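Have it open while you read.

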Amino acid sequence: LACLLSTLAAERMDLAAAEPLRVAKFAFLLALLARRMDASLWRVLVAALAAGVRAQSALGTLHVAFRAGNSLLATFGGTPETQVEGFEHRARGTLGHPNMLAPWLLMLAPAAFGLALFSRSRALRAAGLLLTLAAMAGSFAAKSRAPGRLLLAALGGVALGAVLLRALPARAAAAGAFWGALLLGAALSPVAGDIAARFQGDFARSLTFRADY
């Protein structure tokens with residue numbers, strides 16, 4: 001309803017109509033899944049999301065590690081893309097924008113972390129942990145400040161819930177946080193300076209950029 005009202009009030013209704021259309025397509029997809037969902041389809045969808053997280057995070061991290069500007073393809077001899085100010089050396093995966101990649105990983109990483117903490121299967125716990133670390137690497141490589149902070153808060157909330165529900169001993173939570181931070185820091189050490197500079201950057205400039213954009 002909000003998208004529809006916004007469209008009716010827009011100067012360019014033809015462009016604004018894309019927003020309610022997105023909502024309608026998503027609602028149709030949910031209705032279709034509600035009718036057809038079974039255990040087999042559920043497993044396929046979860047596996048597809050897991051594969052997507054691994055692939056997007058790997059592409060994004062390589063993008064930053066190779067300092068590929070706006071195009072990882074150009075690093076390996078492909079045609080370079082037009083440079084866009086503010087996007088240089090930021091992970092985008094195949095989503096086209098770092099601020100699309102990071103929120104997408106933010107939505108999926110807490111579920112993977114919950115699997116790592118609450119599953120009774122050792123294989124699923126290991127898979128959930130690896131997915132969580134991959135999502136963190138991709139998110140930090142995107143250098144999107146709000147999603148990066150929200151991801152840490154979300155993962156901390158899942159861990160706290162596991163401790164309160166006695167699924168995770170407090171000592172194991174502290175040790176896991178230490179080793180997770182150590183491994184993630186080692187993986188991102190080649191670009192740690194760039195990431196730190198981005199997270200400590202000028203927030204006022206970011207707001208001005210978004211207002212102009």
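**Helix packing at a glance**

Helix 7 and helix 8 run roughly antiparallel to each other (the label for angles over 145 degrees). This is a predicted model, where local features need pLDDT of at least 70 and side-chain atom pairs count only at pLDDT 80 or more, while totals for chains, interfaces and linings use all residues. Residues are numbered from 1 along each chain as its sequence is written, and side-chain values use heavy atoms, with hydrogens and water left out.

**Helix 7 with helix 8**

- The angle here is about 155 degrees and the axes are 9 Å apart; axes are lines fitted to C-alpha atoms, for helices over the stretch in contact, and angles run from 0 to 180 degrees between N-to-C directions.
- Their crossing is left-handed, meaning the near helix is turned anticlockwise from the far one by less than a right angle (clockwise would be right-handed).
- Thr-132, Ala-135, Met-136, Ser-139 and Phe-140 of helix 7 touch Pro-147, Gly-148, Leu-151, Leu-152 and Leu-155 of helix 8, with contact meaning heavy atoms within 4.5 Å.
- Sorted by class, that's seven nonpolar, three polar and no charged residues; Ala, Val, Leu, Ile, Met, Phe, Trp, Tyr, Cys and Pro count as nonpolar, Asp, Glu, Lys and Arg as charged, and the others, Gly among them, as polar.

**Helix 6 with helix 8**

- These two pack at about 20 degrees with axes 9 Å apart, which makes helix 6 roughly parallel to helix 8 (angles under 35 degrees).
- Helix 6 passes helix 8 in a right-handed crossing.
- By class, this contact has 16 nonpolar, two polar and no charged residues.

**Helix 4 with helix 7**

- The crossing of helix 4 past helix 7 is left-handed.
- The contact residues split into eight nonpolar, four polar and one charged.

**The largest nonpolar core**

- Among its 26 residues, Ala-91, Phe-113, Leu-117, Met-136 and Leu-151 touch the most other members; such a core is a set of buried (under 20% relative accessible area, 1.4 Å probe, protein chains only) Ala, Val, Leu, Ile, Met, Phe, Trp, Tyr and Cys residues joined through side-chain atoms within 4.5 Å.
- Helix 6 (98-118) is the top contributor, giving eight residues.
- Beyond its neighbours within four places in sequence, Leu-151 contacts Leu-106, Ala-109, Ala-135, Met-136 and Ser-139.

How values were computed. Helix = DSSP H or I, 4+ residues; strand = E, 2+ residues; numbered from the N terminus. Buried < 20%, exposed > 50% of the residue type's maximum accessible area, 1.4 Å probe, protein only. Parallel < 35°, antiparallel > 145°, perpendicular 65-115°, else oblique.
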